[in-house]
Structure formats: structure tokens, C-alpha cells
Amino acid sequence: MTAIKHALQRDIFTPNDERLLSIVNVCKAGKKKRNCFLCATVTTERPVQVNVVKVKKSDKGDFYKRQTAWGLRDLAVVDAKDAVKENPEFDLHFDKVYKWVASSTVEKNTFISCIWKLNQRYLRKKIDFINVSSQLLEESVPSGENQSVTGGDEESVDEYQELNAREEQDIEIMMEGCEYAISNAEAFAEKLSRELQVLDGANIQSIMASEKQVNILMKLLDEALKEVDQIELKLSSYEEMLQSVKEQMDQISESNHLIHLSNTNNVKLLSEIEFLVNHMDLAKGHIKALQEGDLTSSRGIEACTNAADALLQCMNVALRPGHDMLHAVKQQQQRFSDLREQFARRLASHLNSVFVHQGHDQSSTLAQHSVELTLPNHHPFHRDLLRYAKLMEWLKNTDYGKYEGLTKNYMDYLSRLYEREIKDFFEVAKIKMTGTTREGKKFATLPRKESAVKQETESLHGSSGKLTGSTSSLNKLSVQSSGSRRSQSSSLLDMGNMSASDLDVADRTKFDKIFEQVLSELEPLCLAEQDFISKFFKLQQHQSVSGTTMNEAEEMDGGTLSRSYTSGVPQTISSEKDMIRQMMTKIFRCIEPELNNLIALGDKIDSFNSLYMLVKMSHHVWTAQNVDPASFLSTTLGNVLVTVKRNFDKCISNQMKQMDEVKISKKSKVGILPFVAEFEEFAALAESIFKNAERRGDLDKAYIKLIRAVFVSVEKVANESQKTPRDVVMMENFHHIFATLSRLKISCLEAEKKEAKQKYTDHLQSYVIYSLGQPLEKLNHFFEGVEARVAQGIREEEVSYQLAFNKQELRKVIKEYPGKEVKKGLDNLYKKVDKHLCEEENLLQVVSPSMQDEFTRQYKHFEGLIARCYPGSGITMEFTIQDILDYCSSIAQSH
């Protein structure tokens with residue numbers, strides 16, 4: 001137990017400036033035994049506080065922890081249960097009765113005795129000790145009045161006292177006189193004893209000798225004793241007075257504690273009141289602004305905005321626990337709620353009236369803007385409304401129902417306004433596009449009624465046939481002869497000297513400018529409206545977005561904003577970015593249909609317009625995607641781009657289909673096929689349109705499809721041609737294709753350009769060889785027979801012994817082709833070639849040198865056969881190579 005006491009003193013009480021006086025090992029009566037210790041302690045600082053502390057062993061280790069402490073002044077009764085028999089049970093009456101069972105009766109009695117002593121010394125209030133033996137209490141009574149009651153375990157003062165300096169000096173002198181004392185302590189002690197006895201005897205004799213002095217001394221002692229008694233009486237009275245002062249000081253200490261507690265509570269209460277007043281008090285000026293503030297002037301809007309922010313701060317203040325139960329707080333919250341509802345209703349009504357006014361006010365300026373092919377500028381309206389942006393944010397945070405109602409009303413009124421503006425804008429664009437037809441007919445430029453305009457434009461949207469005068473070369477279904485084609489291209493139209501191709505270019509240029517102007521007007525309109533919606537309705541338009549390619553149209557729900565409410569709290573459908581897109585879709589729902597109608601009109605006017613539209617639309621889609629890939633403008637233009645791309649693909653498919661369905665005339669020569677010239681026209685136009693365009697890849701794919709279709713169709717026509725030889729058709733058209741590809745330098749068609757050159761070269765050679773067999777037919781047949789005999793195995797020098805190929809037969813054949821006859825044959829051949837070839841390609845100058853070279857080659861071949869098969873015969877041709885060159889030169893000059 002002593003070890004435990006020391007451990008508790010060291011670990012628990014010493015850190016708290018307490019001293020452990022007594023300890024008892026106990027457990028609660030009537031329950032499962034869980035031992036703990038009751039400790040009686042006093043503080044080391046004054047005023048002394050006496051406590052009874054319950055110490056329990058920790059469940060997680062071998063150390064002890066302080067569990068409960070009671071002040072001794074709170075102890076009312078100590079019940080030992082039985083004053084006669086030994087009983088380990090006892091009760092302590094604090095705020096309630098605690099029943100304990102000690103581990104032994106001795107520990108119990110020791111602890112109760114310590115409690116009694118502490119009560120006697122430190123407490124004026126006496127504790128009732130019942131069922132405690134009087135012997136136990138009597139043993140605890142102090143033997144003297146000056147003896148301090150510190151408990152049975154306090155040790156008495158040790159009898160040993162330290163020597164002072166003089167006594168230490170005397171002992172040293174004495175020991176110096178007795179050097180042997182160090183070696184013989186007993187002898188030294190006996191000597192000191194004898195000397196002491198001698199001194200005592202001398203003192204007694206001296207006292208007895210001076211009896212008179214003794215009597216005087218005794219009287220003095222008696223008087224001193226009387227003085228001592230008086231001092232003791234005064235000290236007793238002082239002690240009683242001090243005891244009273246001590247009790248008063250204790251009471252004052254308790255009163256100070258209560259006063260301090262009261263002051264603390266007052267400070268906390270004041271802090272709570274100041275918190276509520278500072279955070280839940282709305283200025284009268286703000287209340288007036290919310291109730292009566294002018295929502296039309298900038299100063300009034302600013303005052304209302306500040307008041308709304310202050311109201312929102314008061315409503316969103318984080319109340320501390322218990323504040324919401326205060327009646328005044330509930331009243332203030334209800335007042336704030338009423339103010340919010342009243343101001344939200346007033347703000348929504350005012351903004352709705354602004355929306356309605358805007359929807360009707362802009363209509364007066366539509367005619368002026370429509371004539372100029374421009375869209376009205378909404379910047380002033382946006383600028384005026386942006387003054388309410390902070391109030392809209394406040395409304396969004398406080399009353400989402402009214403905020404959503406405003407967004408729907410804004411979409412309803414503005415969608416009707418934009419629909420009128422955009423439809424009128426597109427009507428004027430259509431009229432400008434169709435203002436001049438191919439025959440020079442013009443629409444009336446005088447002002448016309450809207451119904452007449454609409455009737456004209458609706459007539460352009462019919463599904464049957466093309467517009468009058470649309471004679472694009474790519475839409476021809478029949479191939480004309482080269483002569484008729486030349487005469488048609490040289491004819492003049494009614495308006496001036498402008499040719500058909502010039503009119504095509506003019507019309508296409510005008511269409512390109514109008515279409516670009518339409519897109520250029522729509523783009524800033526949509527971007528400005530989207531930026532305004534984002535700022536005014538406080539929506540974030542730049543969030544993480546998913547990429548949208550130009551070739552994909554993203555499907556979008558064009559319905560109204562959809563929101564679901566759960567317990568009055570709105571849940572957004574996905575994000576504020578989607579809300580912006582839905583609002584833009586509702587407001588500009590007419591843009592995509594109108595663009596599609598305009599595209600259809602342009603395609604009807606001229607299918608080549610799809611090239612212009614593809615380039616322009618691709619550029620605007622690319623620009624819109626750089627700003628925001630998922631914006632309404634990017635998505636809408638992407639959808640329209642898909643339509644334009646389909647029209648472009650349809651245009652290419654139609655040309656391929658027309659090539660496949662081409663019919664040739666049986667009575668006239670073919671020449672350059674129309675679709676070959678059309679491909680040249682298409683490629684030249686496309687290269688000028690797609691220069692530095694984003695959609696070059698689509699054109700390259702179209703080039704590949706068209707050129708392959710041209711190759712197939714040229715071969716098909718060449719095989720079906722009856723008037724013109726196949727080689728001539730192939731040679732002329734592939735020469736034209738090669739020249740076109742070389743001039744345009746289309747990188748994706750390099751392989752086709754090489755193929756066209758190869759086909760042109762092969763068929764030129766084939767045609768030359770075929771044609772040269774005509775003027776020297778018998779001579780060719782003779783030498784073909786000679787070569788056949790050599791091929792059969794007859795030696796070359798033995799061929800002359802063959803009956804059909806002897807020297808006489810050779811001379812006969814040679815005599816049939818004198819120089820005059822050869823020149824005549826070459827002239828006939830030249831005329832026939834000239835008849836086969838067309839003037840457009842003018843390949844006669846290419847074919848003539850080739851024929852001359854081929855004829856020269858054959859002449860040398862014949863001479864070689866004569867030299868090898870008829871050696872020493874002296875047989876030669878009747879004309880020379882120089883004669884051939886002269887003949888060809890003379891024929892060429894004559895033609």
C-alpha cells in the first residue's frame with residue numbers, strides 16, 4: 001500500500017500541487033467488484049482545500065487516473081455502519097450517498113480517522129460521524145493545543161538537530177586535545193561522560209550554593225509563567241478571531257467565485273445579444289429601398305442591390321445553437337422572409353414589363369435593317385438589363401421559382417422578337433440572291449408588301465424542278481458534239497456581251513457575298529446574346545466541355561428549361577452550361593430552319609453554290625468552336641454544316657451519276673467529252689474557293705471520286721464510240737485531263753495525273769501505229785510474212801528462196817510504192833487523222849511528229865530485213881528517209 005501511495009503522490013497529486021494524507025482500497029457495495037482508491041488530500045497552497053478523490057486504474061495500462069473529486073466541505077455524514085463489530089463497509093454522504101466496501105477494516109478506520117482530523121483542523125462546519133467507535137475518535141485527539149492535526153500518517157518532527165557553528169568549533173577543539181579519540185571511541189566517550197558528570201556536579205553545587213539566587217530565579221519563573229498564561233489567553237482569543245476571519249475569507253472567496261461566474265455569464269449574454277443585433281438588424285434605408293426603391297434609375301437599382309445583399313446576409317447568418325428558439329429571432333426571420341418575398345415579386349414584375357416592352361419596341365426598326373441585310377443591334381437593351389445582373393443573382397439565390405419564371409418569360413418574349421427579325425432578314429437575303437436570273441430578269445426593286453415578298457420566296461422553295469435559268473454545266477444530262485458545244489459557248493445572252501460562264505461567276509460571287517454576310521450577321525448576334533445571358537442570369541458558360549467535331553451535329557432538346565424541385569430546393573438538369581444552351585436554343589429556334597432553307601435555295605440556284613457554302617460554313621464553325629466547342633452557335637452551325645456537306649456530296653454524286661448516264665452522238669465525232677471539261681471547270685472553281693480552307697480534305701475526297709468516275713466514263717464512251725476511233729477518244733481526253741491536272745497542281749491527284757499521262761501516251765502510240773499501216777499496206781504485209789517465216793525457224797538468208805518471198809516478189813512490192821505514191825498515202829493519212837481529231841485539243845501537231853517518227857522507224861526496219869534476208873541483191877526502197885522528212889514537212893505546211 002505504501003508503494004501505491006507513493007506512486008499516486010508522484011503521478012497524480014504532485015502535478016496538481018496536492019499532498020496525499022490517507023488512502024483506502026474500496027469497491028462499490030452490491031456490484032461486481034471493481035477496485036479503486038479513495039484518497040484524502042490537501043492542497044499545498046493557501047487557502048488550503050481538502051478533497052476526497054476517487055482514483056481508478058486505467059483499462060489500457062498499469063497507470064492510474066483521477067476519476068472523481070469531492071470537496072470535504074460537501075461531506076455531510078460519515079457512516080461506519082457498526083461501532084462495535086469489525087465491518088469493512090462505510091458510507092459517505094455528499095450530494096448523494098456513496099456506499100463503499102474497504103479491503104480491510106484497518107484501512108477503513110485509518111481513513112475515517114484521517115477524515116475526522118482534517119475536519120477538526122480545516123473545517124468550521126463539523127461532519128457527523130455515526131456508528132464510529134469513540135475510542136477511534138479519542139485516539140485521534142491531539143495531545144497538546146499547539147500540536148497540528150495533520151492526520152495519523154504524518155510523521156513527527158525528527159529529534160536530530162544540526163550543530164551550530166560554535167558547537168562544531170568546541171567539538172573540534174575537544175577532539176584536537178584527544179587525538180586518541182579517533183582510534184578509541186569508547187574511551188573518548190567515557191572521558192566525555194566523566195567530564196560531563198563533573199560539570200553537572202559543579203553546576204548543582206553552584207546552584208545550591210546560591211539559594212538566594214535560586215529563590216529569585218523561581219520567582220522570576222513564576223512571574224514568567226503568569227505572563228505566559230496571559231499570552232496564551234491572548235493567543236487563544238486571537239486564534240478565535242482568526243478562525244472567524246478565516247471563515248469570512250472562505251465565504252468571501254465563494255462569493256467572489258459566484259460574482260466571477262455571474263460576470264462571465266453576463267459577458268456571454270451580452271456577446272450573444274450583440275451578435276444578434278449586429279447580424280440580424282436591417283437598416284431602415286435598406287427596408288425602404290426594398291419596399292419602395294426605384295427600379296428604373298441607376299441610383300435606385302444600386303440602392304436596391306445593396307439592400308438585397310444586406311437582406312441576404314441577414315437571412316444567411318449562421319445562428320448559434322438555441323438562437324432559433326428565441327421569439328424575437330423568429331419574428332425577425334419572418335420579417336426578412338416577407339421583405340424578400342415582397343421585393344422578389346416587385347423585381348420579377350418590373351423585369352417582366354421590361355421584357356414585354358423590348359419585344360414590342362424593336363419591331364419598328366425591322367424594315368430598315370432588313371433592307372440593308374443587317375440584323376438589329378440589341379446592345380442598348382443588353383446594357384440596360386445588365387444593371388439588374390446582381391439583382392438577378394440575388395433572386396437566383398433566394399427565390400429560384402421567380403428566377404426560373406423570369407428566364408422562361410425572357411425566352412418567350414425574346415424568341416418571338418428574334419424570330420420576326422431573323423425571318424425578315426432571311427427573306428431579304430433570299431430576294432437578294434434571286435434578284436437576277438440567268439436570262440437577265442430582275443426582281444422589282446421598288447418596295448413591296450411583305451406578303452408579296454413571302455409569296456416570291458415561297459415559290460423558290462418548291463420541290464419540283466430547279467429555278468428558271470439554272471443551266472449549270474454540271475447539271476447537263478446529254479453530251480453534245482464539239483461543234484455544237486463551241487457554238488453554244490460563243491452565243492451571247494440578252495444582257496450585254498456577258499457569256500454564260502461569266503454570268504455563272506458573277507452569280508456565284510454574289511451568292512458567296514450574301515451567304516457570308518448572313519453568317520457574319522448571325523455570328524455576333526448569337527455570341528452577344530449568349531454572353532448577355534451568361535452575365536445577366538449568372539450562368540457559367542466556360543466549363544469542362546466535350547469536343548464537337550465539324551462533321552457531327554449534336555442533338556439538342558429545344559424545349560423549355562426543365563427543373564425538378566425537392567423540398568423547394570432546385571436540382572439543375574446537368575449544369576449551367578446546359579441551361580445556357582437550352583435558353584439559346586429556345587430563343588434562336590428559327591435560325592437552323594432558316595439557314596437550311598437558305599442553303600436549299602442556294603443549291604437550287606446553282607449546285608456549285610454548295611462549294612461556297614461548305615467553305616464559309618466550315619470557317620464559321622471552326623471560329624465558333626475555338627470560342628466554345630459546346631456553345632449554341634457552334635452546335636447550330638455544326639448541324640447546318642452537316643446539311644451543307646450532304647448537299648456537297650449530293651452534288652458530287654449527281655455528277656458521277658450524269659457521267660454514268662452520258663449518251664454520245666453516233667453521227668459526229670466525240671472530241672473532248674463534256675464531263676471532262678466540266679471536271680476542269682469544277683476543279684478550277686474549287687481550287688479558287690478552297691484556297692486555304694479548313695475543309696480541304698472533303699474536296700480531296702471529292703476529287704478522287706470524280707476523277708475515277710471521269711476515267712471510267714471516258715473509257716466507256718471510247719468503247720461505245722463509232723464515229724471516232726477509241727484511241728483518239730482516249731488520247732484526246734486523257735491529254736486534256738493531264739493538262740488540267742498539271743496546270744492546277746492538285747497534290748492529292750498526283751497519281752491520277754501520272755495515270756492520265758500514261759494512258760494518253762499509250763493510246764497516242766497505239767493510234768499512230770494503227771494509222772501508219774494504211775499507206776504502205778502491201779509492203780507491210782510482205783515484211784510481216786518474212787518475219788513470220790523467220791519466226792517459224794527459216795534462216796534469214798534462206799528466206800529469199802521461198803517462192804512467195806523471193807527477190808522478184810520483193811521488187812514487185814517495192815515498185816508499187818514509189819516516192820510519189822508514198823507522199824500521196826501520207827497526205828491521205830494526214831487528212832484522216834485531222835478528221836478524227838477535234839479542234840479543241842489540237843493534237844494534230846503532236847500526232848504528226850509521232851507518225852513521222854513511227855514511219856521512219858518502220859522504214860529502217862524494212863531496210864534491215866532486206867539487208868539480212870536478201871544480202872547482195874542490191875534491192876533498195878525507191879524513197880529515202882530524207883524523202884520521208886520532206887514529204888511530212890510539205891504536208892504539214894499545206895495544212
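This is a predicted model: local features need pLDDT of at least 70, side-chain atom pairs count only at pLDDT 80 or more; totals for chains, interfaces and linings use all residues.

Analyst: Residues are numbered from 1 along each chain as its sequence is written, and side-chain values use heavy atoms, with hydrogens and water left out.

User: What makes strand 2 largely enclosed by the rest of the structure?

Analyst: Strands are DSSP runs of E with at least two residues, numbered from the N terminus. Buried means under 20% relative accessible area, exposed over 50%, and partly exposed in between, with a 1.4 Å probe and protein chains only. In strand 2 (residues 36-43), 8 of the 8 residues are buried, so the strand is largely enclosed. C36, L38, A40 and V42 point one way, F37, C39, T41 and T43 the other way, and all are buried.

User: Why are strand 1 and strand 2 said to pair?

Analyst: Pairing requires that DSSP find at least two bridges between two strands. Strand 1 (residues 18-28) and strand 2 have 8 bridges in the antiparallel sense, so they pair. Within this pair, L20 stands opposite T41. Strand 2 is also joined to strand 3 (residues 50-57) by 6 bridges, again antiparallel, with A40 opposite V52.

User: Why is C590 called buried, and how do you know that C590 is in no disulfide?

Analyst: The relative accessibility of C590 is 7%, so C590 counts as buried. A disulfide is a pair of cysteine sulfur atoms within 2.5 Å, and the structure holds 0 disulfides. For C590 the nearest cysteine sulfur, that of C526, is 9.4 Å away, so C590 is in no disulfide.

Definitions and conventions. Helices (H or I, at least four residues) and strands (E, at least two) are DSSP runs, numbered from the N terminus.
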